[in-house]
Amino acid sequence: MSIRTRFTIWRPLATAAAATAALLATFLAPATAQAQPQAVPQKTRVSQPVYSYENAVREAVWVDTRLDGDGDGRTDRVAVDIVRPREPAQQGRKVPVIMDASPYYSCCGRGNESQLKTYDANGDVVQMPLFYDNYFVPRGYAFVGVDLAGTNRSDGCVDVGGRSDIQSAKAVVDWLNGRATAYTSRTGTQKTKAGWTNGRTGMIGKSWDGTIANGVAATGVEGLRTIVPISAISTWYDYYFSKGAPLYDSGPDWLSNYVDSPDARAKCAAVQQKLVDQAPRTGDWTPLWTERDYVKDAKRVKASVFLVHGMQDLNVRLQHVGPWWDALAKNGVERKIWLSQTGHVDPFDFRRAQWVDTLHRWFDHELLGYDNGIDREPMADIERHPDQWVTSTTWPPRGTSAATLRPAKGTGPGVGTLGLTRARGTETVTDDPALSETDWAARIDTPTPDKAGFTTGTLTKDLRLSGASKVTVTATPTTSTAHLSAVLVDLGPDTIRDYAASGEGISTLADRTCWGLSTTGDSACFKETRARTAAVDHTVVSRGWADLGNHASDKKGVPLTPGKAYTITLDLGATDHVVPAGHRLALIVAGTDKDLIDPPSTRPTLTIDLARTSARVPLVGGAAAFAHATKGAGTAVAEEAGALDGVRAPRTAHRVPEGG
């Protein structure tokens with residue numbers, strides 16, 4: 001169900017027009033500007049670059065997290081690098097904060113150019129990665145870059161989305177609001193306060209950084225007004241498993257070791273061992289995953305959420321969008337969303353000018369309180385074709401409801417039809433770990449032993465999928481272990497972003513454009529990008545996976561009894577895709593999806609009971625829209641033509657939710 005966004009607007013206290021103009025002019029401008037020449041309509045209000053970036057205050061503090069994660073007998077302090085305009089503090093005015101808390105500031109880098117923090121001889125930051133400080137500090141914001149516990153210049157241990165990670169950033173929000181203690185050095189006793197800020201904080205970040213924003217928001221911390229999670233995790237279990245099916249061949253201990261500072265590696269063996277012991281490769285749910293599940297705490301979220309994700313992100317997959325978005329909606333959280341055709345890519349690199357403008361207005365509204373109209377704009381921006389975007393007033397759109405689509409036998413083994421009528425019969429699938437979703441889709445009309453494919457006839461009307469689908473499968477295995485994949489595919493020619501290529505849908509160019517002000521050590525100019533596209537005959541729309549041993553419980557798997565039928569529901573990733581008239585919609589059921597899940601310990605053959613197998617697909621217009629689009633379409637007939645072209649098979653799965 002969709003709930004339209006509701007915004008809190010901080011309106012000026014003065015009621016007279018002249019007083020309003022004067023108040024806002026004072027907030028925006030340096031001391032030499034006493035007032036705006038004339039009152040400007042609220043909807044055109046925008047913060048301007050009136051402050052010096054060259055003379056900005058650059059300082060470092062260490063915030064006490066009140067945890068001792070590394071067990072050295074003293075509470076951990078996290079390093080906080082700050083860039084803020086000098087003039088407001090000199091004039092007795094306080095500024096809001098934009099914050100990015102990251103484990104990557106020294107090990108791996110941020111952004112498309114993998115930028116690292118650099119420091120001067122005093123230990124103050126010279127280069128702050130990304131454009132946020134260059135652009136927003138001259139406009140009256142402070143930018144804060146937090147090193148998560150156990151990384152770069154911070155104490156403690158990385159615990160991969162757990163209490164230490166989240167407290168690293170939450171403690172900083174507390175300090176910005178006068179509720180925590182900070183020091184001027186890592187080991188010293190001199191305390192410092194954030195008297196220069198009003199405490200209004202917005203968190204932003206891609207991948208792990210955005211994940212921390214989700215986790216901090218789920219604590220309900222006061223002062224956090226908005227978060228902008230980009231390609232972010234909402235529950236860490238779903239980063240490593242999908243209903244028991246392993247997505248990677250390693251657990252969070254590998255990831256912790258990847259980003260730990262040398263000091264943390266020397267002290268954090270106990271934390272590393274806990275990550276091993278409490279994250280078994282069986283895929284069973286443990287208390288470790290409960291601690292790292294932010295969706296369950298969505299009711300605590302007070303901040304607004306501007307969510308951005310690539311619909312072909314095979315690193316932080318779309319399963320992280322649907323449950324989080326729905327939980328936020330259920331709890332009345334103010335929301336906005338962008339969905340691109342890319343993989344794991346920052347919007348700065350696929351829609352730069354519009355992104356900077358939209359983010360600017362979002363922060364102006366949420367942190368400065370400007371009534372600039374962004375709350376009255378459509379909730380969703382969706383990339384329909386490369387660089388071609390549409391909007392949706394709400395997301396999913398009103399009128400969207402799940403249609404139950406049912407597979408039926410067709411002209412040959414594993415080549416069936418997809419419609420609204422329940423059918424009888426079975427299909428047989430033999431797991432082949434060497435094949436992937438692209439292989440299955442390419443041979444959708446050809447009988448092969450590795451998949452069962454079901455297609456509609458050629459659509460006579462466009463059909464829009466919007467939201468997350470569920471596929472229920474009843475299967476009888478021949479072995480004691482079995483993994484399942486379910487894939488929705490748009491069959492028809494198109495030009496899409498090549499999300500499987502290097503860059504995941506973008507190409508990086510040599511030319512640079514500038515976004516904000518620069519210093520000698522921190523340039524605001526970044527390499528331009530363009531869409532990298534591919535002409536295809538089919539497009540994977542959504543996918544999901546499960547271990548059939550988890551048929552009775554999402555949280556615990558059991559061995560299977562060969563010859564016994566089991567029913568399980570696979571959760572597919574959220575998406576928004578239009579299957580146009582002239583194309584077909586397909587459902588594929590198969591075993592291991594190469595490089596997206598790991599294979600089971602055996603190689604089962606699965607007999608699929610078609611009468612007890614179905615897909616619940618969110619369609620704009622519901623089942624009636626499906627019936628209308630397939631009316632007169634006839635029956636799909638197997639074609640003897642060659643394989644259908646798609647993007648190349650997914651690369652070896654990522655193990656790092658990073659944004660470089």
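I looked up the pairing of S1 with strand S7 (residues 182-183): the two run antiparallel over two bridges. Strands here are DSSP runs of E, at least two residues long, numbered from the N terminus. Two strands pair if DSSP finds at least two bridges between them. Val63 has Ala182 in S7 as its bridge partner.

I noted the source. The model is predicted, with pLDDT of at least 70 required for local features and 80 or more for side-chain atom pairs, while totals for chains, interfaces and linings use all residues. Numbering starts from 1 along each chain as its sequence is written, and side-chain values use heavy atoms, without hydrogens and water.

I then checked S1 against strand S2 (residues 77-84). They pair in the antiparallel sense over eight bridges. Asp64 bridges to Arg77 in S2.

I asked how many residues of S1 (residues 57-64) are buried. Seven of the eight are, so the strand is largely enclosed by the rest of the structure. Buried means under 20% relative accessible area (1.4 Å probe, protein chains only).

Next, cavities. I take a cavity as a set of points on a 1 Å grid over the protein atoms alone, where a 1.4 Å probe fits but cannot get out; lining residues have an atom within 4 Å of a point. Volume is the space filled by probe spheres set on the points, which are joined across faces, edges and corners.

I found seven cavities of 30 Å³ or more.

Technical notes. 1 Å grid on protein atoms, 1.4 Å probe; cavity = no way out; pocket = protein on both sides within 12 Å on 5 of 7 lines; lining within 4 Å. Buried < 20%, exposed > 50% of the residue type's maximum accessible area, 1.4 Å probe, protein only. Helix = DSSP H or I, 4+ residues; strand = E, 2+ residues; numbered from the N terminus.
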